[in-house]
Amino acid sequence: MSLGKAMIHARKPKAAAQGRALPYEHRHESSEPHEGWPGQRVSSAYTMQKPVLVLNASYEPINICGARRALILVLKGVAKTEEEQGAILHAALLRIPMPSVIRLLEYRRIPHQTRALSRKNILLRDRNSCQYCGAVLPAGELTLDHVMPRSRGGLSTWENLVACCHSCNRRKGNHLLSELSDIKLLREPRPFSLHTSRHIMRMIGHSDHKWRKYLYY
Ligand SMILES: [Zn+2]
């Protein structure tokens with residue numbers, strides 16, 4: 001198999017089940033999921049879920065979506081592939097390169113603040129480190145802490161949520177930081193900004209060198 005001709009097995013798309021047929025079909029099966037580098041068979045789930053950077057028509061990075069969604073945007077003519085993954089989707093009569101970066105063909109005004117406040121994004125902002133003791137832990141060993149406890153009126157906002165290890169979370173309990181002498185924030189939680197958005201995109205895309213030129217200036 002030559003470089004860039006990876007055959008991937010597309011999982012039956014949800015859209016087809018909903019009556020919206022997609023213009024590609026299954027061709028090859030691959031039973032071994034592993035890293036998708038050019039020339040290798042890659043698992044469909046891995047390739048279809050790989051994060052894709054979405055650029056506005058102006059090349060400004062605006063979002064990250066799964067490869068499957070990115071492919072639909074490209075096939076609908078809404079976006080164009082700017083960078084390829086290396087894997088190729090074999091369709092009926094076509095070979096479609098799987099995208100790594102896509103760009104919308106029409107400029108969209110997107111308020112960046114609308115980006116979802118999620119556990120995943122808070123952990124990414126805080127680089128998976130407990131904001132009280134500094135321990136860097138896998139996501140599964142971190143929780144979110146309300147700096148001002150919910151029981152005392154604290155809100156779930158970017159400014160009031162931090163990554164926290166279970167031990168610090170137990171120690172802090174329902175106290176205000178001002179009531180505790182042995183625990184303090186290593187840094188103020190950053191509100192969501194364009195900077196946070198870029199940081200999160202870099203953290204998600206750090207292994208994909210093709211994203212770099214769009215995220216680093
Ligand atoms: Zn901690």
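Author: Let's take helix α3, residues 67-75, whose buried residues are Ala 67, Arg 68, Ala 70, Leu 71, Leu 73 and Val 74. A residue is called buried if 20 or more other C-beta atoms lie within 10 Å of its own, exposed if 12 or fewer, and partly exposed in between, with C-beta atoms placed from the backbone. Helices (H or I, at least four residues) and strands (E, at least two) are DSSP runs, numbered from the N terminus.

A word on the source: this is a predicted model, where local features need pLDDT of at least 70, side-chain atom pairs count only at pLDDT 80 or more, and totals for chains, interfaces and linings use all residues. Residues are numbered from 1 along each chain as its sequence is written.

Now for the neighbours. The buried residues of α3 pack against α2 (44-49), β2 (51-55), β3 (61-66), β4 (79-90) and β5 (95-104). Just after the helix, Gly 77 takes a positive phi of about 85°.

Some of these neighbours also pair with each other; two strands pair if DSSP finds at least two bridges between them. β2 and β5 run parallel, joined by three bridges, and Val 54 has Ile 102 in β5 as its bridge partner. β4 and β5 run antiparallel with eight bridges, one of the partners of this strand pair being Pro 97 in β5, which bridges to Ile 88. Four residues lie between β4 and β5, which form a hairpin.

Stepping back, the protein chain has seven helices and seven strands, and 26% of its 217 residues are buried.

Technical notes. Contact = placed C-beta atoms within 7 Å.
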